[in-house]
Each structure stands twice: as C-alpha cells, then as structure tokens.
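Here is my note on the charged pairs in this entry. Please read it with the model open.

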Amino acid sequence: MYHAQSFAENDFLTDIIGYGGSKPIPSLERLPRVQIRHIPELPRILHRLPFLLLAPIKVTHQIISILLTLLVWIKVPPEFIVVQNPPSIPTLALVQLIGRMRGSKVIIDWHNLGYSILAMRLGDTHILVRIAKLFEATFGYSAYAHLFVTRAMRDHLVKEWDLQGHKVVLYDRPPQNFHRSSVQEIHELFHKLHPTLFLEKALHGFLPDASPPYSTYMTQTSAQISSGTGFPIPQTVTTYTNVEMPKLRPDRPAILVSSTSWTPDEDFSILLDALRVYDVRAEELSKAGKNKPGERLPKLLVILTGKGPLRNKYMKEVGELQKSWKWVRCISLWLEAKDYPILLGSANLGVCLHSSSSALDLPMKVVDMFGCGLPVCALDFACLNELVKDGENGLIFRSSSELASQLERLFTSFPNAPELTLLTSSLGNVSGSPSTPSNPHILKPYSNAEHDDVDSWTWSTWEENWGRKMRPLILSDVNL
C-alpha cells in the first residue's frame, strides 16, 4: 500500500491489486491517481478441504483472477509491475509473463521467501517445498529491480540464486502519520474505544472508572465544578465552570502492544508465560512493598492487534489464564488504519514475537512501533540487529523468562520508570511518556544509512527512504 501511495504521489496512474476484507490506508482512498482492484476470494466452504486439495484450487483461482486483472481490466499496459514476495505461487510467474507480453518492467519486493513459510507447515524436505523453492528461484531470478528488506536477504539471494537486475536494500519505514501520540490524541482514541473496552468482561474492575467525554481509562480533564466536588465530574452534575486539556491519569495501567498475524512463525506462548510470571511478581511486590511505591509494578493492559488463523486458539487460552490474574489483562483489538498508529503512539512498550521463517526479513510491526516512538522487546533471530539495537532502541530476548525479567525491569515504578524512559527517549524528542507530542521529522535515531554497507543508522520516514532509493529506478530524469 505504501508503494502504491508513493507511485501515485510521483504522478503515476496506479492500480493496486489485492484481496479485500479490511480498509486500505486512508491515502489510497483519497489519492485520485489510485484505483483499488479486488481479487475475488474462494467460497468459504472450500476452505474446509484438506490443504493438498485446497492448494491447487486456490492457485487456479488466483491465476484466472490475476490474468483477468492485468490483461483485461487494466487496459493500458503498465510501465512497472511491482509484486510483493511472498506469496510466490502463482504471482511471480504471472507478472513475469505479463511483463513480457505488455512490455512492463517487473520490480520484485522481497519481504520473505515463500518456500520457507511453506516449510513451516510441511517440513523442509517435502516435495512441495522443493518445488516451491525451484519455482521461486526460477521466476524470481530476473527482474528490472529487486527490493530487499534487509542486507542479509540481499546477500543471501544474490549468492544463492544469482539474481539479475538492479538490487536495492529498501528498509521498511512507516509514513509520516506515524508519530508519538499527544495526550489529546490518546484521549480521543480511548473515548472512541470506550464502548468496546467496557464490553470486555475481563476488564471489569481492572481499569479505573471513566466518565466519557470528561475522562477515559487513560486520561482525565481537570475540572472545577460549580458544586466544588472537583474531578471526576459526577453523573448528576450538568454544569461546570472550567475543563482543561486532557492529562494522563496517574492511576492508569501501563499499555503493552503486540501486533501479531497469529501465525506459526510467532510463538505466542512466550508472551503468555512471561505475563504469568509478571502477574506473580507484581503481586509479590505489592504485598512486600506497601510503603515503597517506587518498587511496585503497575497493572498491565496487553492489547493484541491483528488477524490470523491462531487467534481464537490463543485468546481462549488467555481467557482461562487471566481468570486467576490480578495485575494483567489481555484483549484482542482490530483497529482501523487511521487508529492503529495512534494506539502505538499511546502505548508504553511493544513486544515482537516474529521469528522469521527464513531468518532474512525484518518485522514491519517493529518499524511501525519505532515510527511511533515506541520501544520494543523483540524475540531474537539472525538479522534482527539490522533494526533493533539491544539496550538502545529496545531489548532482545530469547526465552519467556528473559522477557519476563525485561518487563519487570522496564515497568518498575511506572509511570516514572527510568529504564523505560531512557529507551523511549532514544527514539525521538519525547519525555518518556506519551504526554509530549513529537514531530515525526525529529524522530531520527535508528535506520538504514545512506549507503548499505555503513552501520551508522539515522532514522528516515518512508517518503524520504523511498525517494532516495526508488525514485532513481522509476524516473528517467533522476540518475541511478
């Protein structure tokens, strides 16, 4: 979607082809040069078939749908066709075919390796995995340009498959609307979410009382009421003399966000085990340190975003576990595209469980979090250090016990938690809490350098990064 937006903003008539089911980013609906074309999905009843029967039906359906779109519905031959990989089958072969038939330049956006994802389901030695790998290598071999999300992926594919064409490392970056949320934005978001959170039975008695629009579970307005009772405004009071701008509540819980696709390459049990330990430690510290508030742990509201096949399984497990928890609550939310960055900018810590089937890609969810000034605890894998710098912009863990220890360190004495404040401050011009809005253009600690072989990281927005790396590839008046 970000690529489509950038092409349109550079005066290209842009078609974006994909499945429906969720709203696109707002800019794609606003830009006049963008047309969204939906691929029809298979009837749900077919998804009950075994994988080995469903797979060929699904591929055949995709072939017909994509060919109709690229050959019939899009009447003017495109100058460029950008394809994200994975999925590899059948899209890589189809864009290569259409590129030759219509004289289009193919750009492959390598986000991961499709065969490595299939191997997680069938095993590395399965015949279908070997066929998928051969397919990907054959139809990914040559293109006008190859985009890679990591240097590790570029180096691996150039060595293994001898890729032909321009080769560019283009680190994922969020667009400019990703930034640290102001208190006003937090207030408006949680006012909007109030009905949803109020209906969550697990949150009853866990969150502080709220009286929208004057207060939310995270914010409050300071009011001098004519009756002299002060804040919060009672339901029976209909007049007041002064309401100030929202402030963060001192009794709010800490917010931990984990953006997940609910797929096998994210071991959600690691987070559940860590939260179980956190709940025990918070209770111990509460009993032992009643006169030492600076050593306590706060209540922890864990918000899990995203959709995926394992969501129901894990949320049922969460529901059973938190029946005995006092200090931790987990909820699953699906947010509109415009609200997602505000939630990230409102949170105090992110957790990434992405392990990478190929160990060559980087999690976009961490990129989004960094764009919103949100530090992360991330599960370690081979090339994670291209994004997360341990102890600088986040912490890296390898087990649930290590994650539990990090959560305790970071949240001790919240909201005045020194180590969490230090990590948050490293991500931009913020004070360590969401109370100070930051300019997204000031947020420049860690990113890819101007040259791929340099390790000095300076943050850049998607627009800056795309303009520097992609514009020379697609515009004839810009030198390569």
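The points below cover salt bridges and their surroundings.

1. Basis. This is a predicted model, in which local features need pLDDT of at least 70, side-chain atom pairs count only at pLDDT 80 or more, and totals for chains, interfaces and linings use all residues. Residues are numbered from 1 along each chain as its sequence is written, and side-chain values use heavy atoms, leaving out hydrogens and water.

2. Count. The model holds 16 salt bridges (a side-chain nitrogen of Lys or Arg within 4 Å of a carboxyl oxygen of Asp or Glu).

3. Glu 386 and Arg 151. Their closest N and O atoms are 3.8 Å apart. Glu 386 sits in the loop between strand S13 (376-379) and strand S14 (394-397), and Arg 151 in helix H7 (residues 151-161), so the bridge ties together parts 235 residues apart in sequence. Helices (H or I, at least four residues) and strands (E, at least two) are DSSP runs, numbered from the N terminus.

4. Burial of that pair. Glu 386 is buried at 7% relative accessible area. Arg 151 is also buried, at 14%. Buried means under 20% relative accessible area, exposed over 50%, partly exposed in between (1.4 Å probe, protein chains only).

5. Asp 339 and Lys 192. This salt bridge spans 2.7 Å, N to O. Asp 339 lies in the loop between strand S11 (328-333) and helix H11 (340-346), while Lys 192 is in helix H8 (residues 183-198), 147 residues apart. Asp 339 is buried at 9%; Lys 192 is partly exposed at 40%.

6. Lys 338 and Glu 336 form a salt bridge at 4.0 Å. Both are partly exposed, Lys 338 at 48% and Glu 336 at 36%. Lys 192, Glu 336, Lys 338 and Asp 339 are linked in a salt-bridge network.
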